[in-house]
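Please look at the sequence and the model shown here before reading on.

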Amino acid sequence: MNLYQPHLMRICEITDETVDTRTLKLEFRDPAVAESFKFSAGQFGEYSVFGEGESTFCIASPSTRKGYIECSFKAVGKVTQALRRLAVGDTVGFRGPYGNHFPLDLMKGKNILFIAGGIGLAPVRSVIWTVLDQRDQFADVTIVYGARSVGDLVYKRELEEWTRRSDVKLVTTVDPGGETPEWKGMVARVPTAVEQTVTSVENTYAVICGPPIMIKFTLPVLLKLGFPEERIYTTLENRMKCGLGKCGRCNIGATYVCKDGPVFTAAQIRQMPQEF
Amino acid sequence: MTNRFLTHENLSKLVADLVAANTRVIAPVPAHNDPQKIDYATIQKLEDASFGTQLPRRSAKEFFLPTTEVLLRYRDGKNGFEVEEVPTTAKPQVLLGASPCDVAAMEIVDKVMNWDYRDELWFGRREATTIVSLLCSKMDDTCFCTAVGLGPDAVRGSDAMLMPIDGGYFVRVVTEKGEALFKNYGTAQLSDAMYAQARKSGEEAHKKVETNMPAIPADFAAALARNFDHPLWKTMALRCHGCGACASVCPTCHCFDIVDEHDDAQHGVRRRNWDSCQTQRFTVHGSGHNPRASQTERFRQRVEHKFSIYPSRFGEILCTGCGRCSRTCPGGMNLAEVVGEFRTLAVSAQEGSAQ
């Protein structure tokens with residue numbers, strides 16, 4: 001099989017997360033691939049609509065659940081708009097999994113603080129469920145999730161489920177002005193919510209993903225709280241075509257997001273040239 | 001490996017036999033739209049070729065990484081889309097009389113094409129091709145192959161090299177593939193005079209390029225990475241139009257795009273097309289954010305990739321010193337000058353720290 005040959009996948013479920021964000025649940029058409037396919041939380045793939053092209057997203061479902069994968073996307077370009085036009089039963093292509101992953105082995109027995117903004121919850125959600133599916137192997141799980149407005153929060157049913165669980169501490173927040181009369185969560189930007197939620201960094205890893213502006217202002221908060229840079233993990237995105245280190249798009253200096261990443265520590269990111 | 005001597009007639013017979021056996025033979029020929037210029041193209045007989053006149057306008061990479069190639073074919077059938085793979089094996093071909101800079105490039109690009117994931121489409125063509133280079137005598141003051149560890153007589157990537165001597169060609173055989181190609185042609189009885197003449201022409205050619213640029217030191221990669229934010233990038237990039245002509249003619253530039261094309265409502269292909277990091281849309285995100293937003297960043301990317309990033313990942317410079325980018329650039333940019341500027345900076349930084 002040549003490198004650029006995708007697996008064929010059937011859309012088995014479509015969930016609208018927000019006005020413009022959608023989640024597709026995809027199952028492998030070939031039962032042998034469904035059986036053998038493995039990935040780790042944090043890895044990504046090239047999803048394609050035949051006739052329109054390929055697009056890069058993380059795998060948003062947990063690595064603990066077999067036989068299917070999920071992706072969440074905003075319809076912003078040619079491929080994502082075409083993906084949005086597809087219905088249950090339609091076929092898409094998938095190449096992957098590519099890239100590195102979150103080091104869950106390192107995090108075993110430790111507390112994990114998840115921080116996400118907007119659709120940045122997609123890769124974090126993969127880690128959250130992977131952790132929750134093996135809940136006894138991890139200590140405290142805290143999730144701080146924010147969006148511009150209540151309408152921009154994704155995975156709403158899962159947010160409700162995490163709220164109900166006694167073994168998860170979930171804090172949801174929306175930017176000032178983004179709240180509705182019924183909103184019960186915080187009204188604050190993510191960095192502020194983190195500052196008000198986190199009391200101890202002892203024995204804790206942070207996993208953070210969101211818009212660059214959110215990461216930019218949350219990192220100093222984490223450092224001030226006392227997180228060592230090596231224990232803050234995030235996932236970067238850059239435009240990709242191959243996902244395999246060949247097409248020349250995603251590098252930041254000598255670092256290839258597709259092969260060295262997409263998961264990096266804050267320490268690694270600080271050493272990169274400011275070109276992302 | 002056994003070196004050989006071939007007369008022009010011997011070589012002509014070799015080409016005729018290859019063509020008769022349905023093997024594609026590619027050689028430098030007068031360009032179809034401008035006979036003053038040279039292109040690599042398929043030949044039917046040796047007389048079609050134009051050896052040793054000037055460097056072809058474009059490198060030979062298109063015979064390994066075509067300007068456009070089909071990655072897969074899709075069809076919308078009764079049960080949804082089906083995909084048909086394309087073969088990764090290629091038909092045998094012989095690249096004859098190629099410039100040593102173009103030939104060395106193939107081995108350098110092999111490294112990224114085999115970086116954890118093996119690109120079978122590239123290697124299918126690499127394996128199917130026998131490469132016979134020609135000792136270069138076409139150098140001008142833009143060439144700097146000797147500065148990147150190569151030379152007009154470098155056999156890197158060649159299965160054999162032709163070196164013109166009195167009465168024909170001294171054939172320096174480098175690999176089994178080269179041996180197999182030439183074994184039934186010419187003679188293996190070589191005189192000391194033939195060896196001496198071949199060696200001398202090689203050395204003379206080497207000397208002609210050497211004066212263009214001193215060898216690039218191993219620590220240049222690190223020096224360039226350190227100067228990532230130097231204001232010189234901006235000044236130099238002012239001349240860059242972002243057209244990507246440099247990448248198009250370059251033997252080592254290999255960036256590509258992947259796009260789908262409909263044939264009709266049910267059928268189509270996914271293609272890989274040449275692309276260039278110099279164009280504005282190359283890295284733009286779906287959100288509109290562009291990490292390499294200005295031509296300064298894009299120009300820096302090309303130079304850093306060749307002289308810093310590739311060396312740090314693969315241990316060698318992604319440039320063979322062919323000089324085509326400088327000859328082709330509509331903005332009159334000159335890669336040798338750019339390298340020179342940063343070398344001066346690196347040297348003065350060293351002197352500064354020594355004081």
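## Domains of chain B

Chain B is divided into domain 1 (4-209) and domain 2 (220-354), with bounds that come from an automatic or database domain assignment. The model is predicted: local features need pLDDT of at least 70, side-chain atom pairs count only at pLDDT 80 or more, and totals for chains, interfaces and linings use all residues. Residues are numbered from 1 along each chain as its sequence is written, while chains are lettered from A and ligands numbered from 1 in the order in which they are written.

The C-alpha centres of domain 1 and domain 2 of chain B are 26 Å apart. In chain B, 32 residues of domain 1 are in contact with 28 residues of domain 2 (C-beta atoms, placed from the backbone, within 7 Å). On the side of domain 1 of chain B that touches domain 2 of chain B, the elements giving two or more residues are β4 (68-77) and α2 (100-113) of chain B; helices (H or I, at least four residues) and strands (E, at least two) are DSSP runs, numbered from the N terminus. The largest share of that side, 9 residues, comes from β4(B).

The contact between chain A and chain B takes 35 residues from chain A and 41 residues from chain B. On the side of chain A that touches chain B, β1 (7-16) and β4 (53-58) of chain A are the elements that give two or more residues.

Notes:
Contact = placed C-beta atoms within 7 Å.
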